Amino acid sequence: MKIDVILLPKETAALDLSDSVCIVLDIFRATTTIVTALANGCKTITPALSIEDAQTLASQMGSVLFAGERQSIKIEGYEFGNSPFEFCKEKVTGRNIVMTTTNGTIAIKAAEKAYRTFIGSFVNAKAVCMQAKQYGKDLVIVCAGTDGLFSLEDTLCAGLLVQLLKAECEVTLSDSALGALLLYAQAKDTLVETAVQSRNGKRLYDLRRMDDVEYCLSADLFTIVPQYIAGKIVLENQ
């Protein structure tokens, strides 16, 4: 298996992903939140690139809840922002959600032409790796980045996924995959202290959301694997 790490969603434009499995990462906080919401019984999450797109999609779907943020702040009038703690069972069980975020939903849409597109995070790291390797395809890990720039926390998670896969099967790593692996190996014992220094980490710290930071860096809280298919994110086995 060849493993590549794409550090920004725009880099997918030059790739043919049709025969590759993709794992999308936006650790602070979209993909972590998506995994949490589906683990808590959410039926579907539909990613939208903009507030206008979200409204259009919702008008076609019937009863939905809106989730989204811009620069880590909940969009006015939406039921949810982007903190995983908002998506509790009481609020999301059986519901359809339309979500638009600054970085994460862009990355998800950028990977939509892959053979399979999975939603990954620290909180489902092992499960998403085990699912991805079953297809016998090359793997592309897509980091959401932050406002079009490199994201430390996404790359750290990519390094963890590379480490997990390397332990399970024979892999060939691109330079970026090797770099992510080395970065994670260096930081894994001080993960929170390292990641909170990132641009998004500092923003969440300033917003007094260290609970989100610590949660988003917690490995293997869930064994579910969300899949993006036909415009919606659902549990992989649905």
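Buried means under 20% relative accessible area, exposed means over 50%, and partly exposed lies in between (1.4 Å probe, protein chains only). This is a predicted model: local features need pLDDT of at least 70, side-chain atom pairs count only at pLDDT 80 or more, and totals for chains, interfaces and linings use all residues. Residues are numbered from 1 along each chain as its sequence is written, and side-chain values use heavy atoms, with hydrogens and water left out.

**Exercise 1. Overall build**

Task: State what share of the 238 residues is buried, then describe the fold elements and the dimensions of the protein.

Solution: 
- Step 1. Buried residues account for 54% of the 238 residues.
- Step 2. Count the elements: 10 helices and 11 strands. These are DSSP runs (helices H or I, at least four residues; strands E, at least two), numbered from the N terminus.
- Step 3. The radius of gyration is 16 Å, close to the 18 Å from the globule rule for 238 residues, so the protein is as compact as a globular protein of that length. The radius is taken over C-alpha atoms, and the rule is 2.2 Å times the number of residues to the power 0.38.
- Step 4. Along the principal axes, the C-alpha trace spans about 45 × 40 × 30 Å.
- Step 5. Take contacts (heavy atoms within 4.5 Å) between residues at least 6 apart in sequence: 77% of them join residues at least 24 apart.

**Exercise 2. The nonpolar cores**

Task: Find which residues have the most contacts inside the largest nonpolar core, and which element gives the most to this core.

Solution: 
- Step 1. A nonpolar core is a set of buried Ala, Val, Leu, Ile, Met, Phe, Trp, Tyr and Cys residues joined through side-chain atoms within 4.5 Å.
- Step 2. The largest has 38 residues, and Phe 122 and Ile 141 have the most contacts inside it.
- Step 3. Elements that each supply at least two residues include strand E1 (2–6), strand E8 (138–143) and helix H6 (152–168).
- Step 4. H6 gives the most, with 7 residues.
- Step 5. Apart from this core lies another, of 31 residues, among them Ile 34, Ile 97, Ile 108 and Ile 233.
- Step 6. Now look at Ile 141. Beyond neighbours within four places in sequence, its contacts include Ile 3, Val 5, Ile 23, Leu 25, Ala 158 and Leu 161.
- Step 7. In soluble globular proteins, nonpolar side chains tend to be buried together.

**Exercise 3. Met 210**

Solution: 
- Step 1. Val 128 is 82 residues from Met 210 in sequence and 25 Å away in space, C-alpha to C-alpha.

**Exercise 4. Backbone exceptions**

Task: Locate the cis peptide bond, then decide whether Ser 72 is buried or exposed, and do likewise for Ala 230.

Solution: 
- Step 1. Most residues other than glycine have a negative phi, and most peptide bonds are trans.
- Step 2. The bond from Phe 28 to Arg 29 is cis, with omega near 15 degrees. Arg 29 sits in the loop between E2 and helix H1 (30–39).
- Step 3. Ser 72 has a positive phi, near 75 degrees. Its loop joins strand E4 (65–70) and strand E5 (73–74). At 15% relative accessibility, Ser 72 is buried.
- Step 4. Ala 230 has a positive phi of about 55 degrees. It lies in the loop between strand E10 (226–229) and strand E11 (232–235). Its relative accessible area is 77%, so Ala 230 is exposed.
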